[in-house]
Amino acid sequence: MALSSDLITTARQLAHVHQRRPRQADLRRSISTSYYALFHGLAELAAARLVGANNSAQKSTARARVYRYLNHLSAKKACSRAELQDCSQGLARFLVAFPRLQELRHQADYDPLARFKHGDASSAADDAERALAGLQAAPRDEQLDFITLALGMTRG
């Protein structure tokens, strides 16, 4: 199973650890983990599309290099690129969810005054799961266009 799928499972588990009186630490980790599921899902897809998904490609240095090259800011900027305005519904779902969940993660990880409810964490996990499904369902040419932008390949 892919890391991104495992992260969504972990986010859901954290959101439900103490349903009656959830701890802020669990809710914050759940929200952060939901964002990281999106980030790793994008890195996984980038590596698979640019290097390959077979067994030898998955163990290659090139795959690791592509996976590690993705950064949070470039990926966020790519989500608002004009070139992607007329994309499929699946990719559009990802383009909306990624920056929103990234901002929510920043609040969860760095804002000591932010307070979260069980529903916030559950919604973040649901949004991440739908966004990843949308990204994976997008046409291959759209995926590649977005991946190259997310990797910072903007000179054209």
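**Close-up 1. Buried residues of helix H7 (118-137) in the predicted model**. In H7, the residues Ala121, Ser122, Ala124, Ala125, Asp127, Ala128, Ala131, Leu132, Gly134 and Leu135 are buried (under 20% relative accessible area; exposed is over 50%, partly exposed in between; 1.4 Å probe, protein chains only). These buried residues pack against H1, H2, H6 and H8, where contact means heavy atoms within 4.5 Å. H7 has 20 residues, and its first and last C-alpha atoms are 29 Å apart, close to the 28 Å expected at 1.5 Å a residue; the expected span is 1.5 Å times one less than the number of residues. Helices (H or I, at least four residues) and strands (E, at least two) are DSSP runs, numbered from the N terminus. This is a predicted model, in which local features need pLDDT of at least 70 and side-chain atom pairs count only at pLDDT 80 or more, while totals for chains, interfaces and linings use all residues. Residues are numbered from 1 along each chain as its sequence is written, and side-chain values use heavy atoms, with hydrogens and water left out.

Close-up 2. Ser4, Leu7, Ile8, Ala11 and Ala15 of H1 are buried.

**Close-up 3. The aromatic pair Phe94 and Phe146**. The structure holds 5 aromatic pairs (rings of Phe, Tyr and Trp, the last by its six-membered ring, with centres within 6.5 Å; planes under 30 degrees apart are stacked, over 60 edge-to-face, the rest tilted). Phe94 and Phe146 form an edge-to-face pair, 5.6 Å centre to centre with 70 degrees between the planes. Phe94 is in helix H6 (residues 89-110) and Phe146 in helix H8 (residues 140-150), 52 residues apart. Phe94 counts as buried because its relative accessibility is 0%. Ring pairs link Tyr35, Tyr36, Phe39, Phe94, Phe98 and Phe146 into a cluster.

**Close-up 4. The largest nonpolar core**. A nonpolar core is a set of buried Ala, Val, Leu, Ile, Met, Phe, Trp, Tyr and Cys residues joined through side-chain atoms within 4.5 Å. Of the 44 residues in the largest one, Leu38, Leu42, Leu70, Leu91, Phe94, Phe98 and Phe146 touch the most other members. H2 supplies the largest share of this core, 11 residues. Leaving aside neighbours within four places in sequence, Phe98 is in contact with Tyr35, Leu38, Phe39, His72, Ala75, Lys76 and Cys79.
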